[in-house]
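Please look over the sequence and the structure before reading on.

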Amino acid sequence: MADASDLDAAAVADSQVLGVIVIARNGDRVEYYQDPKTYEGGVTETTALGEVESHQLGSVLRSEYLSPTSPSYIDGMRSDLVDNSEIKVRVKNGGEGTVIFDSAIALLQGLYPPNPKNKIVLANDSVVTAPLGGYQYVPVETVEPSNDRSLESWTDCPAFEKHISEFYASDEFKAKEKDAQPFFNSVKDFVFGRPTTLENAWNLYDYINSELTHNKTYAYRLPPTLVETARGLADFHENGVFSDKQSGGIGNIAGRTMLHTVLKALERVAFNDDPLQFMLVETGYQPFISLFHELEIVKEHPELQAIPDFASAFAIELRRGSPPDVRDFLRFRFKNGTGGGFKTVYVYGRHADIPLTEFIYKAKGGVISSNKQWAQVCGGSSFINSELGFVDQITYAATHQTLYTVAFAFVTFLSLFVLRSVFVRVVKATGEKIKNLRPKKVRLEGEEILNVDASSAQLLPDEKIRRV
């Protein structure tokens with residue numbers, strides 16, 4: 001009897017791509033400091049190199065998924081002019097500041113380059129083409145950690161900070177630090193006062209790599225082996241921080257919250273009446289490491305227990321099998337940086353595309369699907385509203401903004417009404433006082449005599465006139 005994996009492989013040999021979810025890392029930037037104990041980030045900026053890298057990634061994704069001649073072409077998706085109902089973009093807006101947003105915009109420029117067809121004919125028959133030769137504007141949703149923890153779940157999380165401390169206290173970590181002492185002694189002259197410890201491995205590597213890329217004088221002075229050693233220690237450090245020995249562990253929190261976004265997108269793409277076919281999630285390197293562990297990809301691909309390069313991409317393709325098996329399957333592909341193409345990787349130990357239903361069944365146990373659940377997993381109260389799911393935060397904010405507006409309008413109206421009533425009362429009271437102060441007419445006893453000019457006087461009956 002044929003193995004189930006063989007049957008699944010045969011079913012998707014000539015499969016049709018229904019849609020894809022792409023998780024992309026930002027492009028090059030200047031040095032980015034992260035606190036080794038809390039992972040709170042510092043300030044950084046995008047570089048022109050980073051924008052080029054992300055733009056190149058967008059072009060690769062276009063050739064993979066929007067070209068009708070590609071075997072991975074998304075069936076029915078428009079490729080010349082963007083149809084905003086077919087694409088959704090979510091961007092992490094937390095650590096690394098605007099770098100990730102800039103990378104998303106550059107990627108989209110490569111995915112949907114300017115097209116002269118992006119024009120409009122006005123009522124007077126004049127033709128107006130969009131700026132920059134038909135630049136295409138794709139809506140972008142920024143995800144703020146203060147409202148939605150789905151794209152940055154590892155900061156402000158006590159349980160994750162405890163996980164970091166336990167990793168630093170482990171025998172494995174101590175042994176690694178001892179072995180790395182010769183490197184730490186030799187690198188001091190090239191990091192200018194930065195702590196040369198294994199706990200600070202990320203910051204040491206990021207500084208060295210940034211200077212090596214952007215500073216010619218530094219590049220000429222740095223011994224060639226130091227950056228390689230620094231990268232190896234940083235890979236060890238970040239893999240230990242953003243992974244867990246168990247699926248669903250706190251170390252995988254970056255991937256577990258990302259999985260919620262992935263499953264929701266797959267649900268939409270698989271639904272025939274939903275036009276969504278392409279989702280882009282622009283983020284940092286952290287979710288890559290966690291996802292590779294959570295989905296057990298590293299068991300088959302141990303080389304992925306490392307920091308992905310700038311402008312890396314993890315693509316999750318939803319495919320429909322050929323008859324007689326027309327089930328939906330998932331294919332996972334990874335591209336490390338700007339060099340090389342996509343490589344197929346396998347999840348949960350399978351050596352073939354995995355049926356969508358099986359993937360959902362295996363993945364849902366580790367998914368963190370709401371701010372409330374995130375707060376519970378982290379073991380601390382969240383300063384954001386924790387009663388709602390990640391995707392409900394926008395609706396929540398809009399609804400409460402409307403309620404606040406209505407309440408403010410009502411209070412304002414009530415205040416004006418009260419002030420008007422007080423004003424009317426004051427006016428009436430003042431009028432009565434003025435009225436009471438007016439001199440009253442006193443009629444004296446006897447006849448009234450008018451002193452007027454007789455020549456101009458008109459006599460009225462019973463009036464007496466004194467001539468003057």
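Which residues form a nonpolar patch on the surface? The patch is formed by I120, L122 and V128, which together have about 240 Å² of accessible area.

## Basis of the model

This is a predicted model, in which local features need pLDDT of at least 70 and side-chain atom pairs count only at pLDDT 80 or more, while totals for chains, interfaces and linings use all residues. Residues are numbered from 1 along each chain as its sequence is written, and side-chain values use heavy atoms, with hydrogens and water left out.

## Overall make-up

The protein chain has 15 helices and 12 strands, these being DSSP runs numbered from the N terminus (helices H or I, at least four residues; strands E, at least two). Of its 468 residues, 45% count as buried, where buried means under 20% relative accessible area, exposed over 50%, and partly exposed in between (1.4 Å probe, protein chains only).

The accessible surface of the protein chain comes to about 24700 Å², and 56% of that surface belongs to carbon and sulfur atoms; accessible areas come from the Shrake-Rupley method with a 1.4 Å probe, and for residues only the protein chains shown count as cover. Among contacts (heavy atoms within 4.5 Å) with a separation of 6 or more, residues 24 or more positions apart account for 69%.

## The surface patch

Patches are made of residues with over 30% relative accessible area and no salt bridge, like charges being joined within 9 Å and nonpolar side chains (Val, Leu, Ile, Met, Phe, Trp, Tyr) within 5 Å.

Helix α3 (residues 99-111) has 13 residues and reaches 18 Å from its first C-alpha to its last, close to the 18 Å expected at 1.5 Å a residue; the expected span is 1.5 Å times one less than the number of residues. Its buried residues include V99, I100, L107 and L111, and the buried residues of α3 pack against β1 (16-25), α2 (48-65), β2 (87-92) and β6 (278-283).

L266 is found in helix α11 (residues 253-270) and is buried, with a relative accessible area of 1%. Leaving aside residues up to four places away in sequence, L266 touches I21, L318, L330, L356 and F359.

## The disulfide

The structure holds 1 disulfide, a term that stands for a pair of cysteine sulfur atoms within 2.5 Å. The disulfide joins C157 to C378, with an S to S distance of 2.1 Å. Because C157 lies in the loop between β5 (141-143) and α5 (158-168) and C378 in helix α14 (residues 371-378), the pair ties together parts that are 221 residues apart in sequence. Both C157 and C378 are buried.

## Salt bridges

Side chains of opposite charge can pair when their charged atoms come close. A search of the whole structure finds 24 salt bridges, each being a side-chain nitrogen of Lys or Arg within 4 Å of a carboxyl oxygen of Asp or Glu. The side chains of E141 and K88 meet in one of them (2.9 Å, N to O); E141 lies in strand β5 and K88 in strand β2, so this pair ties together parts that are 53 residues apart in sequence.

R333 forms a salt bridge with E317, their closest N and O atoms being 2.9 Å apart, and both R333 and E317 are buried. Salt bridges that share partners join E64, E317, R319 and R333 into one network.
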